[in-house]
Amino acid sequence: MESSILTIALAGNPNSGKTTIFNNLTGTRQKVGNWPGVTVEKKEGTIHRHGYALKIVDLPGTYSLTPFSIEEIVARDFILDESPDVVIDIIDASNLERSLYLATQLRELDCRLLFALNMADVARERGIKIDADKLSELLDLPVVFTVGNRNEGIDGLLESAIALAESDVEIPRRRRVKYSKDIEVAIAEIRERLVGGATGELPYNPRWIAIKLLENDTVVRERAAAAMGQGAGALMDLVDRHRATLRDLYDDDPEIIMTDERYGFIAGIVREAVTTSTTHRRVDISRNIDLVLTNRLLGLPVFIFFIWAMFQLTFSLGAYPMAWIESGIGLLSGGLTRALPQGLFRDFLMDGLIAGVGSVIVFLPNILILFFCIALFEDTGYMARAAFLMDKIMHLIGLHGKSFIPMLMGFGCNVPAVMAARTLESERDRILTILITPFMSCSAKLPVYIILAGTFFGAQAGSVIFGIYLMGIALSILTGRLFRSTLLKGEEAPFVMELPPYRAPMLKSLMIHMWDRSKMFLKKMTGVILVGSVVVWGLSAFPRNIDYSVDYEGRIAFIREAYEASAAEASAGQRREALQAEMDRRVDEVRQARDMERAEKSYMGRLGKFMAPVFHPLGIDWRGSVALLTGFAAKEIVVSTLGILHAAGQGSEALQAALGESGMTRLSALSMMLFVLLYMPCLATVSAIRRETGSTRWMLFSIGYSTALAWGVAFAVYQGGRLLGLA
Amino acid sequence: MTRAAETEAAAAGAPAVPKRLSELRESQRGRVTRVGGEGVLRRRILEMGIVKGAEIYVEKYAPLKDPLELIVKGYHVSLRVSEASQIMVEPIP
Ligand SMILES: Nc1nc2c(ncn2[C@@H]2O[C@H](COP(=O)(O)OP(=O)(O)OP(=O)(O)O)[C@@H](O)[C@H]2O)c(=O)[nH]1
Ligand SMILES: [Mg+2]
């Protein structure tokens with residue numbers, strides 16, 4: 001029996017463990033990571049407990065109710081506008097003093113508030129003892145200890161939350177920050193005016209509105225004005241007058257004074273409720289790790305080594321499972337060829353599905369390893385250090401160290417990377433980061449490089465691919481520099497970033513992450529890539545009856561006849577076998593020529609021929625052109641399309657062989673890889689760009705710019721290479 | 001003030017002369033006397049706990065000398081040198 005719905009919001013500072021607890025409560029697997037700003041949009045989950053439907057909402061982290069960046073606005077708006085039944089402030093117990101800043105602000109809102117002192121284990125380890133009863137008494141709210149990553153205290157937390165929601169006691173109005181007398185006088189006066197003069201309903205509690213008005217919060221100002229109707233003008237005059245008086249009095253803005261005073265209040269609480277024993281203070285492992293990882297001399301080389309190692313692992317370790325999958329596909333297609341009668345259906349299966357999906361699925365291991373490495377960066381806490389190390393370099397291109405986090409994530413997938421840019425405070429920084437992130441080559445482009453570099457560069461494939469990645473980074477930096485000095489000029493945002501302590505990554509969560517990634521990949525395989533492959537195959541298999549320029553069947557018959565004749569003459573078995581092989585080879589040759597002509601005369605071929613003039617100067621043939629076009633749906637489809645158009649049924653090895661004979665050269669392969677690196681992002685990324693910039697124009701700009709750049713670079717490399725006599 | 005005068009003042013037990021936070025070297029400590037700067041940035045710095053009276057420890061400078069890592073109120077935070085130069089501190093020996 002469901003009696004009612006309760007909304008429970010999880011708020012708190014960034015990186016305090018909100019999502020960890022959310023996952024524990026709801027049994028979901030939202031992304032967790034050890035750096036501030038992992039969650040950038042609110043996530044909801046409903047569970048049924050104690051006769052309630054509990055709607056749990058995980059919010060992005062905020063340091064205060066004064067929002068600076070988009071994800072902080074999301075959190076604040078939820079707490080203010082949706083007025084959840086209970087707000088749980090997830091507090092990093094090892095970092096109590098700073099966390100209490102948001103807590104006191106939430107307290108002022110007079111919502112039903114509950115503290116979860118999370119990371120209780122870390123606090124204990126550091127010798128920090130928090131007297132929960134005292135804290136609870138001082139702030140007049142329930143306090144519960146939790147250890148999120150070990151699922152400790154979570155049930156108690158939920159029970160307290162429900163009890164709090166059920167309790168109908170008036171929310172205590174004492175126990176909150178008391179400001180200095182002059183400020184309190186101003187608050188009281190504004191409050192009275194609000195209560196007395198409101199024509200509509202006041203959006204929040206009047207004392208809080210008064211405080212925010214004194215702090216000059218623009219959003220609250222607008223809302224209060226709306227609620228005041230006629231009296232708005234007079235109210236704002238009053239507020240401005242008080243602000244001016246206070247500014248004269250303290251020689252500083254009221255919001256600054258009030259921040260100081262809140263911290264003063266907090267210091268008092270901490271003095272009473274917290275004891276830190278310095279006696280059994282253990283070595284701070286995290287600081288010791290940083291002695292090396294952010295060391296003046298070693299820091300940057302180690303960083304570069306990590307990135308190099310990440311790609312090295314991706315390629316070398318990934319090669320083994322890739323070979324297994326490949327032979328699996330080989331077995332499957334071999335079996336199918338034997339089992340099925342020749343015809344349209346077999347063609348569809350072999351040349352459409354297996355050539356299309358099969359040529360991509362072999363890359364699952366590589367992609368997983370890459371994601372595993374990125375997840376390691378995120379879970380250990382190294383991500384924030386990467387931003388710290390790179391800030392100066394990013395600064396040179398007018399960007400922010402924090403921009404580096406989305407860029408690094410972009411190596412995995414551009415969609416979450418574009419969203420991760422939300423943590424940047426400045427709108428211009430954010431748009432700039434979104435525009436340059438797609439040049440960080442995502443994992444879906446990897447198959448294209450492996451196929452092309454593997455075919456044409458043999459032993460140097462690894463270096464070539466690494467070079468492509470570097471090229472992407474370099475061009476993103478140049479682009480950043482260019483846009484910064486033209487389109488997106490402006491102030492730089494501050495670089496105030498918390499550096500969380502290192503934590504051992506949890507194997508379980510890494511495994512879960514990999515599992516989820518695999519599922520996503522397989523879903524993509526059975527979704528857009530499957531459909532894409534079918535469409536590409538359909539377009540390349542039809543029309544069925546083509547008038548060939550040569551009578552291929554006649555030629556085959558002729559070869560067969562010639563064989564029969566010479567076989568009759570030849571007596572020895574060995575000689576006959578050699579003849580047979582010779583015949584097979586020649587028949588295959590003719591068949592290939594026939595397939596080639598058929599492909600060229602298919603719908604796909606016609607489309608390719610239509611596009612060819614654009615790509616001809618880049619050394620890319622019509623198949624490549626079509627493949628690039630289909631890559632807009634998802635970059636993996638580039639490889640699928642190549643697989644289908646080259647009629648390579650047996651996974652990537654067959655495709656490599658076919659490509660090797662297709663007339664492509666090293667230079668044209670390089671040109672094509674560069675084009676893939678740079679040209680327009682995939683559909684999912686493009687729509688993420690549209691969503692995150694809130695503007696179709698930026699989206700079109702991104703498509704246009706990247707494609708133009710891709711063409712330009714590929715042209716320069718191909719034509720330049722030809723001039724230099726490379727082929 | 002010249003360096004000599006500064007040492008003299010310190011030797012005489014006079015309260016330390018406020019310095020810019022960016023002038024502190026690694027492993028030096030200071031107490032915040034004033035947070036300068038403007039608007040949003042200043043507010044953010046204050047809200048992160050770098051308020052008047054807070055004790056700050058300079059953990060290190062990044063390899064390229066910018067930004068720097070501080071410890072304040074028991075946690076680590078990084079700040080650019082240009083931002084740190086707006087914060088005045090009284091060195092604590
Ligand atoms: N030692 C310890 N680590 C924890 C605890 N709870 C969470 N963590 C770790 O803390 C890190 C941050 O957890 P998240 O759940 O992503 O934090 P969040 O509050 O959602 O962070 P944002 O989304 O960035 O605001 C992760 O590495 C967790 O594994 C805990 O109680 N003890
Ligand atoms: Mg989170």
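This note covers a sheet, a loop residue and a ligand site in a predicted model.

1. Strand 2 (residues 29-35) of chain B runs antiparallel to strand 3 (residues 55-61) of chain B, and 3 bridges link them. B:R31 sits opposite B:E55, a residue of strand 3 of chain B. In general, strands of a sheet pair through backbone hydrogen bonds.

2. **A loop residue.** A:N95 belongs to the loop between strand 4 (86-92) and helix 3 (96-108) of chain A. Is A:N95 buried or exposed? A:N95 has a relative accessible area of 3%, so it counts as buried, the cut-off being under 20%. Beyond its neighbours within four places in sequence, A:N95 is in contact with A:E498, B:K73 and B:Y75. The side chains of A:N95 and A:E498 form a polar contact of 3.4 Å.

3. **Polar atoms at ligand 1.** Oxygen atoms of ligand 1 lie 2.7 Å from a polar side-chain atom of A:K18 and 2.6 Å from one of A:T19. A polar backbone atom of A:M119 is 3.1 Å from an oxygen atom of the ligand. On its own, ligand 1 has 650 Å² of accessible area, and the protein covers 96% of this.

4. **The shell around ligand 1.** Of its 24 residues, A:K18, A:T19, A:T20, A:T39 and A:G148 come nearest. Helix 1 of chain A gives the largest share, 3 residues. By class, the shell holds 8 nonpolar, 13 polar and 3 charged residues.

Methods
Residues are numbered from 1 along each chain as its sequence is written. Chains are lettered from A and ligands numbered from 1 in the order in which they are written. This is a predicted model: local features need pLDDT of at least 70, side-chain atom pairs count only at pLDDT 80 or more; totals for chains, interfaces and linings use all residues. Side-chain values use heavy atoms; hydrogens and water are left out. Two strands pair if DSSP finds at least two bridges between them. Helices (H or I, at least four residues) and strands (E, at least two) are DSSP runs, numbered from the N terminus. Buried means under 20% relative accessible area, exposed over 50%, partly exposed in between (1.4 Å probe, protein chains only). A polar contact is a pair of N or O atoms within 3.5 Å; within protein, one must be able to donate a hydrogen and the other to accept it, and residues adjacent in sequence count only if both atoms are side-chain atoms. Contact means heavy atoms within 4.5 Å. A residue is near a molecule or strand if one of its heavy atoms lies within 4 Å of it. Accessible areas come from the Shrake-Rupley method with a 1.4 Å probe; for residues, only the protein chains shown count as cover. Ala, Val, Leu, Ile, Met, Phe, Trp, Tyr, Cys and Pro count as nonpolar, Asp, Glu, Lys and Arg as charged, and the others, Gly among them, as polar.
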